[in-house]
Amino acid sequence: MVKHQNVRIAFLLLFIATAIADFWYPIPIANYFLIPIFFLALTLISSYFIQWNYFFNSINHGDRSSNKIAITFDDAPLEPYTNQVLDLLKQHNIKALFFIIGKQIKGNEAIVQRIVNEGHIIGNHSFSHANSFPIFSINKMIADTQQCNDEIERVTGKKVRLFRPPFGVTNPRIAATVQHLQYISIGWSLRSYDTTINNPTKLMQRCLVSLRGGDIVLFHDWGKHTLDILPEWIEEVKKRGLEIVRADELLRIEAYR
C-alpha cells in the first residue's frame, strides 16, 4: 500500500521539480498551490479508510483462502444492548471481539467481566471516544488510550494489545500512539453500517452481499437493527459454509500481553 511518508516525499520532490522547471518554462503561480492542495486532499481522504494502511498498518482481514470469519462489536459496554448481544452469542455458541470505550466501564463492570468470562476478547477503543479524538495532541491521545487500558485491566486483569481507533479514523498522531503503546490495530473488511441503515432487510443485504472467507465484520452492539438481523445472519453464514471464530484465532495473534 502507498504510505503517507512516501507520498509526502513524492509531493515535496514534485514541488521542487516544478520550481526548477519554472526557470526554463514559466509555470502559472496557481500550480504551486495545486500541489499542496492535492497532498492535503489525499491525506484527508486517506484518514477515513483504515483499510488503506496509509498512516500505519492495521489488520483488516484474515486468510482469504480460509472458510473462517470474525465478528467485532464497537462501543461496548452499553446497557442493555451489550447484554442482549451476549445473550444471543451465547445461544449460538459464537465468540466475538468487543472494542471497549473506557469511560463506559464504570458502572458496567459486570458486563465487561461477563464478556471475558464467556470467552470473548476485548480491545481498546479509546477512553473518551470523543469526536475530537483524531485531533488530540499525541500526549493527550496516548493518555486517553492508556486510561482505557487501565480501566480494562482494573476490571478484568487483562492487558490488551488490540486497538481500533474511534470512527476508524487514522492519521499521523494516531500512528504515533499505536507505535508508542505497541498496539495491534484491527480494522475491518466488511462494515455493516448498522448505526445508520434503518431498514433491517437492507442491513441484512449489506452484511451478506460481499461476505467471504477471512472477513472481519464490524457491528455495533447498539446498532439500530443489529439484534434484529443477527440470528438470521448467523444462520446464513453457516449455510454458506463459513465458520465464525474469534478474531485472535482468525488472525493468529495474541489478544493480551
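Me: Where does Pro-77 sit?
Reply: Pro-77 is in the loop between strand E1 (68-76) and helix H3 (81-92). Helices (H or I, at least four residues) and strands (E, at least two) are DSSP runs, numbered from the N terminus.

Me: Before I trust that, what am I looking at, and how are residues numbered?
Reply: This is a predicted model, so local features need pLDDT of at least 70, side-chain atom pairs count only at pLDDT 80 or more, and totals for chains, interfaces and linings use all residues. Residues are numbered from 1 along each chain as its sequence is written, and side-chain values use heavy atoms, with hydrogens and water left out.

Me: What about backbone phi? What is it for Asn-53?
Reply: Phi of Asn-53 is near 50°, a positive value in a residue other than glycine. Asn-53 belongs to the loop between helix H2 (29-46) and E1.

Me: Buried or exposed, that Asn-53?
Reply: Asn-53 counts as buried, because its relative accessibility is 12%. Buried means under 20% relative accessible area, exposed over 50%, partly exposed in between (1.4 Å probe, protein chains only).

Me: And Arg-252, what is its phi?
Reply: Near 55°, again positive in a residue other than glycine. Arg-252 is in the segment after helix H9 (247-251). Arg-252 counts as exposed because its relative accessible area is 75%.

Me: How far is Arg-252 from Trp-24?
Reply: They are 57 Å apart, C-alpha to C-alpha, and 228 residues apart in sequence.

Me: New topic, the core. Which residues touch the most other members of the largest one?
Reply: Ile-71, Phe-98 and Trp-233, out of 57 residues in the largest nonpolar core. Apart from it lies another core of 13 residues, among them Phe-133, Ile-142, Ala-175 and Leu-181. A nonpolar core is a set of buried Ala, Val, Leu, Ile, Met, Phe, Trp, Tyr and Cys residues joined through side-chain atoms within 4.5 Å.

Me: What is Phe-98 in contact with?
Reply: Leaving aside neighbours within four places in sequence, the contacts of Phe-98 include Phe-73, Ala-76, Val-85, Leu-86, Ile-115 and His-120. Contact means heavy atoms within 4.5 Å.

Me: Leu-86 is on that list. How far is it from Leu-12?
Reply: Leu-12 and Leu-86 are 51 Å apart in space, C-alpha to C-alpha, and 74 residues apart in sequence. Leu-12 lies in helix H1 (residues 4-21). Leu-12 is exposed because its relative accessible area is 52%.

Me: Zoom out. How many helices and strands in the protein chain?
Reply: Nine helices and eight strands. The C-alpha trace spans about 75 × 40 × 35 Å along its principal axes.

Me: What share of the chain is buried?
Reply: Buried residues make up 51% of the 257 residues.

Me: What share of contacts join residues at least 24 apart?
Reply: 76%, among contacts between residues at least 6 apart in sequence.
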